[in-house]
Amino acid sequence: MQPPTITDVLEARTLLRRHLPPTPAWSYPTLDHGPAASLTVKHENVQPTGAFKVRGGLTLLAGMEPGERARGVVGYSTGNHAQSLAYAAAQFGVPCAIVMPRDPNPGKARAVTALGAELVEYGANFDEARPYAEKLASERGMRLVSAANEPAILAGVGTAYFELFEDAPRTDTVIVPVGSGSGAAAACIVAAALAPHAEVVAVQSAEAPAAHDSWRAGEIVERPNRTAVEGLATGSGFALPQLVLKQRLKDFLLLDDAVIEQARQILARDAHTLAEGAGAAALAALHTYPDRFAGRRVAVMCTGGNV
Ligand SMILES: *Cc1c(COP(=O)(O)O)cnc(C)c1O
């Protein structure tokens with residue numbers, strides 16, 4: 001499996017224009033940027049599904065061969081990946097099944113069914129739900145879609161960073177919150193092509209450091225997943241994003257959940273922005289490591305608002 005190129009991102013950009021308007025990138029005079037020279041917030045929280053992932057889901061479905069697409073897609077996720085797939089499947093008028101562990105968060109279950117997807121509850125946790133999703137996909141001839149080991153998803157997600165560098169071309173540092181790493185990998189691919197002077201810095205919760213530890217170790221590792229910050233909650237590194245991060249990511253920082261929650265409140269108060277924890281994590285990094293970003297023109301990815 002090869003990572004996408006900037007050409008794939010450009011292609012995704014052309015097709016996404018038919019589905020989603022660009023999201024805003026704003027600076028707020030009231031939002032404290034510490035010793036950074038400036039601060040831009042890229043607002044993926046205003047996507048129709050409340051998170052950037054919809055870019056990846058739409059791009060993946062658009063690129064599927066029509067016969068395969070008509071049979072539908074299966075995902076396993078409690079959160080924004082599920083909504084992204086369900087949204088894209090509805091746009092293309094194809095079936096979508098989402099497998100969640102039993103007794104899922106009612107709000108998330110409702111979001112998926114409101115988009116017309118079939119919700120299948122199975123197993124006590126994801127280790128049990130995942131094989132069931134594989135079985136369902138093969139029985140029904142549907143395509144099982146990984147959250148991040150999918151080049152089309154990285155290409156679609158890259159369009160957010162394309163827009164960011166168009167709006168803020170002098171950005172020195174982009175801070176990206178990481179769960180699987182699709183967003184940070186996409187940022188690396190786009191920055192290399194459009195803004196080679198810019199560094200990409202990833203952040204993750206110290207309570208679920210699998211992607212961070214995989215990057216530092218240079219191999220995929222598993223780690224306990226105890227964070228309350230849902231978009232950042234993964235227990236294992238993902239191969240495709242890690243391949244890109246290994247080549248081009250500048251730095252990877254860990255954060256406390258409590259500081260992420262404070263950053264969420266700061267965004268609400270000073271930028272009238274409703275972010276979920278993961279969507280505020282990049283700002284939390286700026287406040288946790290002010291010296292790391294001193295004098296730099298910083299952009300933070302507000303990845304989602306499903307709180
Ligand atoms: C999925 C998600 C992330 C993490 O993105 P990855 O591409 O999985 O690293 C961050 N924030 C939000 C809101 C998300 O939904």
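The largest cavity holds about 50 Å³ of space. This is a predicted model, in which local features need pLDDT of at least 70, side-chain atom pairs count only at pLDDT 80 or more, and totals for chains, interfaces and linings use all residues. Residues are numbered from 1 along each chain as its sequence is written, and side-chain values use heavy atoms, with hydrogens and water left out.

Rolling a probe the size of a water molecule over the atoms shows where empty space is left. The search used a 1 Å grid over the protein atoms alone. A cavity is a set of points where a 1.4 Å probe fits but cannot get out. A pocket is an open set with protein on both sides within 12 Å along at least five of seven lines. Lining residues have an atom within 4 Å of a point. Grid points are joined across faces, edges and corners, and a volume is the space filled by probe spheres set on the points.

By this rule, the count is 1 cavity of 30 Å³ or more. Its lining consists of Lys53, Gly56, Gly57, His81, Ser84, Ala147, Ile153, Val157 and Ser182. At least two lining residues come from each of helix 2 (54-63), helix 4 and helix 7 (151-167). Helices (H or I, at least four residues) and strands (E, at least two) are DSSP runs, numbered from the N terminus. The cavity lining divides into 3 nonpolar, 5 polar and 1 charged residues. Here Ala, Val, Leu, Ile, Met, Phe, Trp, Tyr, Cys and Pro count as nonpolar, Asp, Glu, Lys and Arg as charged, and the others, Gly among them, as polar. Domain 1 (6-51 + 151-302) and domain 2 (54-145) each give at least three residues to this lining. The domain bounds come from an automatic or database domain assignment.

The largest pocket contains about 1100 Å³ of space. It is lined by 42 residues, and those closest to its centre are Ala147, Ala233, Thr234, Gly235 and Phe238. Helix 4 (80-92), helix 6 (126-140) and helix 8 (182-194) are the elements that give two or more residues to this lining. Helix 6 provides the largest share, 3 residues. By class, the lining has 12 nonpolar, 22 polar and 8 charged residues. The largest pocket lies between domain 1 and domain 2, because both give residues to its lining.

The second largest pocket contains about 300 Å³ of space. Of its 18 lining residues, Lys108, Glu230, Glu276, Asn306 and Val307 are the closest to its centre. Two or more lining residues come from each of helix 5 (106-114), helix 11 (257-270) and helix 12 (277-288). The largest share, 4 residues, belongs to helix 11. The lining divides into 6 nonpolar, 6 polar and 6 charged residues. At least three residues come from each of domain 1 and domain 2.

The model also has an open sheet of 6 strands, in the order 1-2-10-7-8-9, with mixed pairing. Strand 1 (25-26) and strand 9 (251-255) are the edge strands, each pairing on one side only. Two strands pair if DSSP finds at least two bridges between them. Strand 7 (residues 173-177) and strand 10 (residues 297-302) run parallel and are joined by 3 bridges. Ile175 stands opposite Val300 in strand 10.
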